[in-house]
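Here are my notes after a look through the model you sent over.

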Amino acid sequence: MKRLTGLFAAPFTAFNESGEIDLDIIGSQFSALSANAVSGAIVCGKTGETSSLTNIERMAVLEEWCKAARTTPEFDVIAHVGHTSLKDCVELTRHAVEAGADVIATLPPYYFRPESVGDLLDFFSEIAAAAANLPFYYYHMPSMTGVNFDVFDILSELNGRIPNFAGVKYTYEDLYDLARCMDLSNGRYDILCGRDEILLACLALGTTGAVGSTYNYIAPVYIKMIAAFEAGDLVSARQMQKVSRDVIAVMVKYGGLPAAKQIMKLVGLNCGDARTPLAKLSADAGESMAQELKAAGFYEYCSVPPSTAASAHISEA
């Protein structure tokens with residue numbers, strides 16, 4: 001079974017000025033990630049505004065990512081297939097297999113929620129079975145889904161029920177539960193850190209892979225952090241984590257996802273604005289954010305697409 005190691009970005013879904021998906025920029029998004037040593041992408045997750053997309057749009061976006069990634073076999077495309085409807089999850093999963101995705105991942109249903117771990121595993125079983133030859137990952141993000149079973153309990157109850165269950169995208173701050181998962185799996189399952197701002201803590205607990213949105217624009221910070229950690233240079237690793245925290249604090253201050261899409265414009269990749277009901281960042285707010293990002297060290301470490309035009313744009317910020 002394929003193991004996921006390294007950084008995996010959660011790419012933004014690009015929209016044009018009319019609010020329709022913009023597939024043309026995906027090739028540039030892929031090139032930028034690949035050039036900045038990112039190992040793969042989880043397509044149409046929370047950062048990709050999955051709940052604001054139709055299934056047809058999600059399929060089109062995934063197809064384009066799979067097409068772009070065919071040029072780089074070591075780059076893994078993770079298809080997020082989560083939905084409130086099990087039938088839609090299965091449909092998206094079957095499409096992901098046909099499109100050429102490398103890995104399947106899903107959030108739990110987040111409107112009518114499972115009442116027990118067993119109910120959750122029953123829901124996952126049908127999805128995983130639709131892609132039996134691909135690794136299946138549980139996308140744990142209780143802050144957005146409201147489903148907050150200890151992942152340790154989920155792994156404990158698997159008992160072979162989902163043969164292709166490969167790991168967890170752990171987007172939560174419960175390091176105790178995460179560490180117990182690492183102990184329980186004894187290397188059998190990948191536990192991927194899903195909180196960019198605490199990656200260093202997760203590395204200390206033994207994680208070897210991570211999924212995050214800021215890898216789209218400050219991947220070098222995390223590459224340097226991992227290298228420093230592996231070399232035993234905790235001072236440098238902590239400094240890189242501080243840069244990450246400072247940049248994230250600015251992004252959160254200016255509105256989260258809408259601000260993050262504005263940051264993408266600063267590195268030369270225009271993914272448009274977030275879809276309603278998320279509010280568009282004003283021009284004044286965008287200028288203020290750019291200055292605060294500069295103070296946070298963003299321009300020293302930001303990911304630069306392989307384009308002189310993008311480099312020139314950054315130098316003017």
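1. Start with Gln 29, which sits in helix 1, the stretch covering residues 26-35. This is a predicted model, so read everything below as computed from it. Gln 29 has 3% relative accessibility, and since buried means under 20%, the residue counts as buried. What does Gln 29 touch, leaving aside residues up to four places away in sequence? Its partners are Pro 11, Phe 12, Trp 65, Leu 269 and Cys 271.

2. Now zoom out to the protein chain as a whole. Its secondary structure comes to 14 helices and eight strands. Along the principal axes, the C-alpha atoms fill a box of roughly 55 × 45 × 35 Å. A compact globule of 317 residues would have a radius of gyration near 20 Å, and the protein chain, at 19 Å, agrees with that.

3. A couple of figures on the packing of the protein chain. Buried residues account for 56% of the 317. Take the contacts between residues at least 6 apart in sequence: 75% of them join residues at least 24 apart.

4. On to the helix pairs. For helix 9 (residues 215-230) and helix 10 (residues 234-253), the axes come within 7 Å and cross at roughly 155 degrees. Angles over 145 degrees count as roughly antiparallel, so that is the label for helix 9 against helix 10. The crossing is left-handed.

5. Who meets whom in that pair? Helix 9 brings Tyr 217, Ile 218, Val 221, Tyr 222, Lys 224, Met 225, Ala 228 and Phe 229. From helix 10 come Leu 234, Ser 236, Ala 237, Met 240, Gln 241, Val 243, Ser 244, Val 247, Ile 248 and Met 251. By class, the residues of this contact between helix 9 and helix 10 are 14 nonpolar, three polar and one charged.

6. Helix 10 also has a contact with helix 12: their axes come within 9 Å and cross at roughly 170 degrees. That makes helix 10 roughly antiparallel to helix 12 as well, though here the crossing is right-handed. The contact uses Val 243, Asp 246, Val 247, Val 250 and Lys 253 of helix 10, with Met 289, Glu 292, Leu 293 and Ala 296 on the helix 12 side. In the contact of helix 10 with helix 12, six residues are nonpolar, none is polar and three are charged.

7. While you have helix 12 on screen (residues 283-296), look at Ala 283, which belongs to this helix. Is Ala 283 buried or exposed? Its relative accessibility is 58%, and exposed means over 50%, so it counts as exposed. Ala 283 and Asp 273 are ten residues apart in sequence, with their C-alpha atoms 12 Å apart in space.

8. Last pair: helix 3 (residues 86-99) and helix 4 (residues 117-129). Their axes come within 8 Å and cross at roughly 30 degrees, and these two helices are therefore roughly parallel to each other. Helix 3 passes helix 4 in a right-handed crossing. Leu 86, Cys 89, Val 90 and Thr 93 of helix 3 make the contact with Phe 123, Glu 126 and Ile 127 of helix 4. Sorted by class, the contact of helix 3 with helix 4 has five nonpolar residues, one polar and one charged.

Terms used
Residues numbered from 1 in each chain as written. Predicted model: local features only at pLDDT ≥ 70, side-chain atom pairs only at ≥ 80, totals over all residues. Heavy atoms only, no water. Helix = DSSP H or I, 4+ residues; strand = E, 2+ residues; numbered from the N terminus. Buried < 20%, exposed > 50% of the residue type's maximum accessible area, 1.4 Å probe, protein only. Axes fitted to C-alpha atoms, helices over the stretch in contact; angles between N-to-C directions. Parallel < 35°, antiparallel > 145°, perpendicular 65-115°, else oblique. Left-handed = near helix turned anticlockwise from the far one by under 90°. Contact = heavy atoms within 4.5 Å. Nonpolar A, V, L, I, M, F, W, Y, C, P; charged D, E, K, R; others polar. Rg over C-alpha atoms; globule rule 2.2 N^0.38 Å.
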